[in-house]
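The following briefing covers domain contacts, a chain interface and selected local features. Please read it alongside the sequence and the model.

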Amino acid sequence: MDEEPERAKRWEGGYERTWEVLKEDESGSLKATVEDILFQAKRKRVFESHGQVRLGMMRHLFVIIDSSRSMEDHDLKPNRLTSTLKLMEYFVEEYFDQNPISQIGIITTKNKRAEKLTDLAGNPKKHTAALKKAVDSTCVGEPSLYNSLNLAMQTLKHMPAHTSKEILVVFSSLTTCDPANIYELIKALNGLKIRVSVIGLSAEVRVCTILTRETGGSYNVILDESHFKELLMLHVKPPPASSSSECSLIRMGFPQHVIASMSDQDAKPSFSMSHLDSAGEPELTLGGYYCPQCRAKYTELPVECKVCGLTLVSAPHLARSFHHLFPLEAFQETPLESYEGERFCEACQGELKDKSVFTCLACKKVFCVECDLFIHDTLHCCPSCMQTDRTS
Amino acid sequence: MIPKLCYFLKLLVFIILNNLILKLKLNIDGLLVYFPYDYIYPEQYSYMLELKRTLDAKGHGVLEMPSGTGKTISLLSLIVAYQKAYPLEVTKLVYCSRTVPEIEKVFNIIYIFITHCIINSYFKIAFQIHFSSVKYLSFLALRFGKEVDGKCHSLTASYIRAQHHSNPSQPVCQFYEEFDAVGRQVPIPPGIYNLDDLKDFGRRKGWCPYFLARYAILHANIVVYSYHYLLDPKIADLVSKELAKKSVVVFDEAHNIDNVCIDSMSVNITRRTLDRCQTNVETLQNTISRIKETDAAKLREEYSRLVEGLKEANVARETDMYLSNPVLPDEILQEAVPGSIRTAEHFVGFMKRFLEYLKARLRIHHVVQESAPQFLKDIYEKVCIDRKPLRFCAERLRSLLRTLEIADIADFSAITLISHFATLVSTYSKGFTIIIEPFEDRTPTIANPVLHFSCMDPSIAIKPVFGRFQSVIITSGTLSPLDIYPRILDFRPVTVASFTMTLARTCLCPLIVGRGNDQVAMTSKFETREDFAVIRNYGNLLLEMSAIVPDGIVAFFTSYIYMENIVASWYEQGILENIQRNKLIFIETQDAAETSMALEKYQEACENGRGAILLSVARGKVSEGIDFVHHYGRAVIMFGVPYVYTQSRILKARLEYLRDQFQIRENDFLTFDAMRHAAQCVGRAIRGKTDYGLMIFADKRYARADKRGKLPRWIQEHLTDGSLNLTIDETVQLGKHFLRQMAQPFRQEDQLGLSLLTLEQLQSEDMLQKIAQIAQQA
């Protein structure tokens with residue numbers, strides 16, 4: 001995923017006006033560019049994520065992928081479908097990385113129908129495999145927002161109230177073919193506290209605006225591929241839990257990994273319980289994780305026990321989602337003119353050139369915009385604070 | 001002249017200024033203005049500055065500001081503040097708008113604006129109350145405005161009331177009696193009154209709301225009504241004649257004001273009118289002979305009154321308090337009705353002759369065009385009718401109807417129309433033309449003779465308004481080019497200015513598409529409009545746009561016929577089928593009910609995500625009054641340049657007149673007219689700063705400087721050289737890019753300081769400098 005998306009030949013691409021990107025904004029006011037506004041929004045996100053909010057850590061997310069005719073458009077390379085599926089694979093990985101005790105399911109919609117690609121499950125491998133397979137599918141007809149939302153709702157409505165129920169729609173088409181009034185469905189979704197977010201691939205569609213506004217989700221339209229990825233990554237973070245959602249204690253199992261050596265005569269190779277729902281040939285393995293309640297064997301975590309329904313996780317998984325709960329506090333923004341002191345960024349050691357600089361409230365070190373974003377989005381801790389901690 | 005009145009009188013408002021709960025206090029050039037919002041747009045400030053200048057100079061103004069930037073509220077708050085500061089300089093604001101929804105919009109703004117106000121309403125509804133007093137009329141269908149008028153007249157006419165005194169069994173309208181007895185002495189409590197409020201008020205007090213409103217206009221601070229009350233001489237005489245000279249008159253949405261003026265002075269006579277008129281004359285004759293037997297004294301009395309002359313009207317005139325009526329020009333009042341039509345029988349005989357003459361004129365087989373003097377000469381030679389009695393025709397008929405005590409005047413519309421025509425044709429020798437067409441151009445085999453008595457000079461109807469009121473403001477979203485309005489309306493404005501829209505993001509994207517992907521020029525030019533390639537390219541453009549534009553697209557064609565042709569060939573080429581995969585298609589037709597149905601379904605399709613295309617016609621109902629806010633219109637496509645039908649004889653005569661009288665070249669006027677309609681059409685999509693939309697001009701002729709230069713400044717500003725003469729795929733790419741940009745989240749904070757100002761921001765130096773650039777003096 002790190003490589004540049006392969007570029008098509010110039011003549012295959014659409015009509016572009018590359019010179020306009022370079023245009024200087026002389027008036028400085030009349031044409032505040034959209035990028036500027038976007039940057040502000042980015043900064044804002046850092047602020048928004050702070051403070052002690054209760055997060056819905058246990059997520060049940062359905063991703064609806066539009067596979068209608070419009071997905072064959074070439075504005076994302078090589079086409080929208082391939083690009084989306086690729087990004088989805090990455091998203092699924094990240095998602096489980098950050099939300100180890102959550103589940104995901106994938107629905108595709110085309111030809112006025114919706115079908116489940118994968119059911120709600122906590123195992124990334126299955127989803128990635130399904131996504132890989134879906135690349136070859138053809139895109140035909142119109143999508144149906146109603147049918148796909150309805151399908152997702154049928155499953156989600158049985159989920160317990162303490163979980164965060166979410167639907168993420170990747171919507172490429174500008175039209176939807178619905179069998180019934182979608183506003184009724186939106187009401188139903190709202191009643192079930194299912195949060196629907198939409199990422200539009202072409203333009204703002206009214207019904208999506210309403211859908212997301214009513215259900216408390218977010219609605220974004222991509223500008224290009226990198227923006228698409230950015231928007232997808234926003235959904236990796238767990239959303240704040242609605243205040244009305246219940247709190248409850250959940251039983252979890254922390255199975256130990258038992259490794260039996262080949263030399264041990266007592267050890268017999270056995271099947272993992274997770275083969276039950278996979279179509280592939282079951283494999284015999286020696287070691288594995290054993291459910292502390294019923295002793296069922298699993299080769300991978302996290303998983304929900306097939307026998308007793310206990311959620312099995314490992315401690316590092318839980319620890320990984322820790323930083324969501326105690327995020328790094330936002331740095332203070334000051335304009336460059338009023339800042340006095342050394343003019344280089346603490347992190348990258350580059351010269352401070354942007355309009356404003358950012359100061360860590362704890363260690364009073366300054367950072368540039370890029371490093372500020374990097375620290376908050378990826379590192380989740382201030383590098384200079386860490387250093388002082390160690391030295392002291 | 002009561003008929004028509006209830007057709008046109010729409011809304012009147014009355015405001016007393018006190019208890020203002022307003023948020024922003026602005027200092028506009030030394031005047032304290034209350035503004036009801038927390039924030040103000042820079043262009044509103046600039047607009048108010050110009051307006052203030054106009055009022056200070058006691059002159060007229062022409063101001064163009066894009067729709068959705070708060071014209072109405074700026075106008076109201078400034079003029080009201082002015083009224084408050086200089087109560088002797090400006091006594092009244094008369095706000096004229098064009099359609100009922102627009103008037104209601106203004107009304108709502110006034111509600112926001114002021115807490116404490118007065119009166120009034122829809123006179124049709126007002127009449128409803130009127131009738132509840134008379135049981136057998138209570139279910140009269142309100143649809144027939146004329147009938148309502150007639151019935152009302154039959155209950156309130158002065159002779160009916162006189163009869164009532166002697167004979168109490170004669171029915172009269174209790175509501176009117178009540179009002180007449182006390183209504184004029186009792187002041188109306190301050191407040192805002194719209195239709196329903198007035199109706200309620202009338203019901204509570206037992207007063208006729210119609211007469212109450214007419215009386216209350218005199219005392220109101222703000223009056224909101226339709227253009228016709230000021231411009232149409234037949235109604236203006238009744239409704240607006242007592243408005244004080246120190247009023248400020250505002251014509252909003254005035255880009256079509258010249259047409260309104262012309263319509264109010266023009267008369268069309270068909271064979272059917274003449275036939276109905278014939279029956280009217282016969283009725284009159286019978287009534288006269290009957291009355292002669294029973295009550296000859298009455299006719300004698302009328303005769304002697306006519307000998308005395310129209311003294312009363314003359315007295316009123318001298319005080320300069322009445323609006324001069326174009327149908328009654330100055331000289332007519334100093335003379336008595338000529339002897340030849342003074343007696344009732346003579347007059348009826350005279351009308352008969354006149355009618356026969358008109359019938360003979362309509363019996364032709366070729367088109368005749370002549371001036372008023374020619375017509376008069378001809379009528380004198382053929383049937384010996386002089387100019388002078390013709391001029392008194394309308395007045396004489398009125399007097400006769402009154403004398404004969406014909407209460408129900410609804411049936412007499414035909415003869416009234418003919419008498420208006422007689423008076424107009426003999427009064428004005430310039431600015432009018434008579435065209436007699438034996439058949440319509442499109443159906444040359446069906447004989448359907450029409451006599452058009454057509455006014456060519458809009459300044460005739462509007463002249464009394466300009467002459468009488470100290471300040472007249474003409475304003476609209478599309479008035480470009482600004483210099484043409486003062487010329488065709490023949491007045492001298494003190495301020496002529498155009499304002500742009502300050503935007504935090506470029507929310508409008510005008511594109512001129514000149515070629516198809518095959519490089520064939522796209523144009524609706526007469527020679528090429530039937531060309532297969534052009535039609536296909538237009539189809540492709542719509543198809544491509546339907547794939548990238550979300551929700552609603554509105555497409556405008558130049559005429560119904562052209563639209564029908566194009567849609568038919570799209571169907572044959574299978575383009576329609578492809579379009580329907582992306583969006584539903586709705587079509588505007590000439591039938592109003594069908595169109596409103598289509599419109600409703602169109603909006604539903606936009607709402608629920610199916611997406612829709614509305615095919616409509618420039619100059620049609622959709623292009624004039626209906627807004628396509630937000631998702632109802634994400635793109636407007638204008639197929640071709642909407643030139644008016646140039647073969648029409650009326651238009652030709654008007655063009656000739658404009659050239660001779662005002663030195664406006666035919667081509668200039670045609671282009672101006674086409675461009676104002678094009679601007680009106682594309683302007684439907686942008687109704688505010690948070691709205692966004694594509695504006696696609698699909699004709700290569702738009703790229704020429706003479707067309708482009710006539711677009712309003714706020715559109716021209718965003719029309720860069722790079723967006724001229726594009727091909728379809730370039731348009732698609734630009735459109736896609738634009739729509740993605742616009743779909744990014746946009747909050748109010750992003751606008752603050754740029755296109756939305758707080759008081760502090762407004763007062764800063766450099767902002768004031770920027771504001772000075774917004775207005776462009778023409």
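Glu437(B) and Arg649(B) form a salt bridge, their closest N and O atoms lying 2.8 Å apart; the term denotes a side-chain nitrogen of Lys or Arg within 4 Å of a carboxyl oxygen of Asp or Glu. The model is predicted, so local features need pLDDT of at least 70 and side-chain atom pairs count only at pLDDT 80 or more, whereas totals for chains, interfaces and linings use all residues. Residues are numbered from 1 along each chain as its sequence is written, chains are lettered from A and ligands numbered from 1 in the order in which they are written, and side-chain values use heavy atoms, with hydrogens and water left out.

**Domains 2 and 3 of chain B**

- Chain B is assigned domain 1 (1-254 + 478-499), domain 2 (264-460) and domain 3 (508-745), with bounds taken from an automatic or database domain assignment.
- The C-alpha centres of domain 2 of chain B and domain 3 of chain B are 44 Å apart.
- Domain 2 of chain B brings 15 residues to the contact and domain 3 of chain B brings ten residues, contact meaning heavy atoms within 4.5 Å.
- Between them, domain 2 of chain B and domain 3 of chain B bury about 1,100 Å², 59% of it on carbon and sulfur atoms; buried area is the accessible area (1.4 Å probe) that two parts lose on being put together, summed over both.
- Asp441(B), Arg442(B) and Met456(B) account for 40% of the area that domain 2 of chain B buries against domain 3 of chain B, more than any other three residues.
- One salt bridge is counted between domain 2 of chain B and domain 3 of chain B.
- Two residue pairs, both at pLDDT 80 or more, are in polar contact across the interface of domain 2 of chain B and domain 3 of chain B. A polar contact is a pair of N or O atoms within 3.5 Å; within protein, one must be able to donate a hydrogen and the other to accept it, and residues adjacent in sequence count only if both atoms are side-chain atoms.
- On the side of domain 2 of chain B that touches domain 3 of chain B, strand S11 (432-439), strand S12 (447-455) and helix H23 (458-468) of chain B each supply at least two residues. Helices (H or I, at least four residues) and strands (E, at least two) are DSSP runs, numbered from the N terminus.
- S11(B) gives the most to that side of domain 2 of chain B, with three residues.

**Interface of chain A and chain B**

- The contact draws 35 residues from chain A and 38 residues from chain B.
- Chain A and chain B bury about 3,200 Å² between them, with carbon and sulfur atoms giving 50%.
- Five salt bridges are found across the interface of chain A and chain B.
- In one salt bridge the side chains of Asp73(A) and Lys736(B) meet at 3.3 Å, N to O.
- Asp75(A) also forms a salt bridge with Lys736(B), the closest N and O atoms being 3.6 Å apart.
- Asp75(A) lies in the loop between strand S1 (59-66) and helix H3 (80-98) of chain A and Lys736(B) in helix H34 (residues 728-742) of chain B, so the pair joins two chains.

**Aromatic pairing**

- Over all chains, 25 aromatic pairs are counted. Rings of Phe, Tyr and Trp (its six-membered ring) pair if their centres lie within 6.5 Å; planes under 30 degrees apart count as stacked, over 60 as edge-to-face and the rest as tilted.
- Tyr602(B) and Phe628(B) form an edge-to-face pair, 5.9 Å centre to centre with 90 degrees between the planes.
- Tyr602(B) is in helix H28 (residues 592-607) of chain B and Phe628(B) in the loop between helix H29 (621-625) and strand S19 (635-639) of chain B, so the pair ties together parts that are 26 residues apart in sequence.

**Backbone features**

- Most residues other than glycine have a negative phi, and most peptide bonds are trans.
- The peptide bond from Ser480(B) to Pro481(B) is cis, with omega near -10 degrees.
- Pro481(B) sits in the loop between strand S13 (471-476) and helix H24 (484-489) of chain B.
- Arg295(A), although not a glycine, has a positive phi of about 65 degrees.
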